[in-house]
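The exercises below are meant for a reader meeting this structure for the first time. Each one sets a task and then works through a solution step by step.

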Amino acid sequence: MPETIVSDKKAISRVKLHIQGLDENIQGGVPEGHLTLLSGAAGTMKSSVCFNVLYHEAVAGKNGLYFSLEQSAESLVNHMVNMDYDMRRINLVIVKELSDLKTRMAELQDQTLGSLIIVDIGTIRKEIHDVNTDNNKSWLNVIKNVVKKIHVEAGCPLLVLDSLSALYVLSRFENPRIELFYIFEYLRDLRITSFLISEMPLDGSKYSEYEIEDFLSDGIITIRLTPFRRQVVREIAVVKMRATNCNNDIFSLEFRNGQFQALYGGQNPLL
Amino acid sequence: MFSFNKSTHHHKGRILEKWVFDAKSPLLSSAAAVDIDKDGKKEIIFGTRNGSVICIDEQSKKKWQYDIKEQVEETESFFYDSDRIDSVPATPTIKDVNGDKLPEILFGTELGIVYCLNNQGKLLWKYKTQGAVRSRILVEDIDKDGTAEILFGTTAGKFVILDGNGKERSVIEVDGSIESEPAVSTAEATQLIFGTESGTLYSYSPLGNKLWEFKARGPIRAKPAFGKLLSEQDLVIGDTTGMFYCLDLKGNEHWHFITEGAIYGQASMADLNNDDELEVVFGSCDNKVYCLSHRGEKLWSYETDFWIVTAPLITDIDNDGALEVVVGSYDHNLYVLDGEGAYNLDYMPGLSGVAHQAGHYTSVMTSEPGAQVGKRLWQIKTQGMIVGCEELEKDNIIVNVKSGFVDDITHSN
């Protein structure tokens, strides 16, 4: 279903990032159905920020899909539990076998809680040895088909792909410009609000591997690590956000009392 | 000085849509038009993305439909592109392969199965290979034993040769997926020639010995075409980086021509301007159709509004004794172009202000006064992006469009 034209800016529905201090600066959130690149180096809490969105939306009753291409589902969930996310407030579904997908989706029909579905591609890859991926069979197709199936059967409006860098390793892209265009269009056609994690070098010299992703995405949020005296602080900025009047200032990103917060936008933190 | 050549051809009439057939599925390639039941009338046969092969008559009435029903194990099915899993990507090939004097219908699928149907659309046999069969199947008697062989490439890098009953004769393995239709040259020794996604054009003998290879700049999807250009028989082919090559039959380059877009369609050749030499016509995803001389010099080009992925047809559509170039574009239009092009003046002597200024000899005066350009005779809007054109009669073109319609476009006085 393609994006429709609205007559009033208030008619643009948005998905909150659930980052206190930042949502207020992007008109309340990311427009529904948009593709947002979340770019940053290792240790910038990209996965946590994305999980945070799906968790809070699940608490509010929405289903979300987290595609982990490298980190195991257990490792991811334990990390989030350690950050005091209460998994009893949501229906956590972990998919480790493709043949299980139909059954797991059927179980969702009876759920009253919002579901956070983690598809653990790393484990699935270990389980599947006998599928020979040649040119007409690929892990990229697995991702596309699973996203579509869960989106259609479970009414899942949110997606996190962790990460694009892992996807490039998994699926050989011979012509990234064309192939990425079709992937982005595929997600856009599904009208699924997507957060695509992009692992970038520490110097922040670019937002994505091929840089075409910057143009194809509707929004770019970057997180970087900045040395401050003998400490390292995380800084978050919205570089681009289509259909949004956004504040492009750099904010300090902190996680306090089980809540992400964006502080000191455009200002130096108090020494 | 230049002079005006009075055109000896009078292009009369118009082109119009005779009928439209709704295939109810996207189409990926052109139809084949062959009289399969020997009743003196051609049938139109094409494959669909949803996994059917449909046969209609010249009036668009459906004669039969064959639906592919392959089961794929659930886990494995996730690895295929769900939009293409049942698709018939290429034009069916219609030839008698089993010697019964009636043509059979052969086509490959994304699941890597080659089907052989009889002329009533009933399955005779099928053959499973590794990878998808995305290009058209070639039927040719390559060993001159009086029976046809079936040749095709797969995306798993296998070039397969079957006998007429679907039994495997040999498999040649190459580096790179094969998505281009093979061609056979019999000019000197028989050569099986096909391109790969790794950008190599291979030539093999019927016994599977590599004769030569040519490295193109990028992946090759088009089918080679043969013609007498600079030697008795040369080969022309484009790649998806926009390069168009002319080679001899030993794989040596005669010349190349650079376009700005990918070349997917086979080139067509004919003597369009009565100079006793063949001209080469092909389309590119830079939106243009090009006409080159046998030496690779551009004679004319014509720009449409979107990609051209189909092979141009060369035919005398208006029956005036001169050849026209018929080409479909992704801009939804079918174009009929004058085979000779036209001379387009940059200025008009006697009317140009520059020419009348005494003492001024500008570059306008000293350079070429104009250029040969493509000349559009007719243009008609079809139902969508054109993925293939096939000649039903010389004044009647079957156009397949991506959104799932088959248009019959005809010339009328």
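**Exercise 1. Work out how many residues of chain B are in contact with chain A, and which kinds of residue they are.**

Solution. The model is a predicted one, and the first step is to count across the boundary between the chains, where 15 residues of chain B are in contact with 15 residues of chain A.

**Exercise 2. Describe the fold of chain B as a whole, from its secondary structure to its overall dimensions.**

Solution. Begin with the secondary structure, which in chain B comes to two helices and 34 strands. Next, take the extent of the C-alpha trace, which spans about 80 × 45 × 45 Å along its principal axes. Then compare the radius of gyration with expectation: a compact globule of 413 residues would have a value near 22 Å, and chain B has 23 Å, which agrees. Finally, look at the packing, where buried residues make up 48% of the 413 residues in chain B, and where, of the contacts with a separation of 6 or more, 50% join residues 24 or more positions apart.

**Exercise 3. Give the order of strands in the open sheet of four strands in chain B, and explain why β2 and β5 each have one side without a neighbour.**

Solution. The order of the strands in chain B is β2-β3-β4-β5, with antiparallel pairing. In chain B, β2 (32-34) and β5 (62-67) stand at the edges and each has a single partner strand, so one side of each is left without a neighbour in the sheet. Neighbouring strands of this sheet are turned by 15° against each other on average, if direction is ignored.

**Exercise 4. Decide whether Ile45(B) is buried or exposed, and name the residues it touches.**

Solution. Ile45(B) lies in strand β3 of chain B. Because a residue is buried if 20 or more other C-beta atoms lie within 10 Å of its own, the 28 C-beta neighbours of Ile45(B) inside 10 Å make it count as buried. Leaving aside residues up to four places away in sequence, Ile45(B) touches Ala31(B), Ala32(B), Val53(B), Cys55(B), Pro92(B), Ile94(B) and Ile105(B).

Conventions: Residues are numbered from 1 along each chain as its sequence is written. Chains are lettered from A and ligands numbered from 1 in the order in which they are written. This is a predicted model: local features need pLDDT of at least 70, side-chain atom pairs count only at pLDDT 80 or more; totals for chains, interfaces and linings use all residues. Two residues are in contact if their C-beta atoms, placed from the backbone, lie within 7 Å. Ala, Val, Leu, Ile, Met, Phe, Trp, Tyr, Cys and Pro count as nonpolar, Asp, Glu, Lys and Arg as charged, and the others, Gly among them, as polar. Two strands pair if DSSP finds at least two bridges between them. Axes are lines fitted to C-alpha atoms, for helices over the stretch in contact, and angles run from 0 to 180 degrees between N-to-C directions. A residue is buried if 20 or more other C-beta atoms lie within 10 Å of its own, exposed if 12 or fewer, and partly exposed in between; C-beta atoms are placed from the backbone. The radius of gyration is taken over C-alpha atoms; the globule rule is 2.2 Å times the number of residues to the power 0.38.
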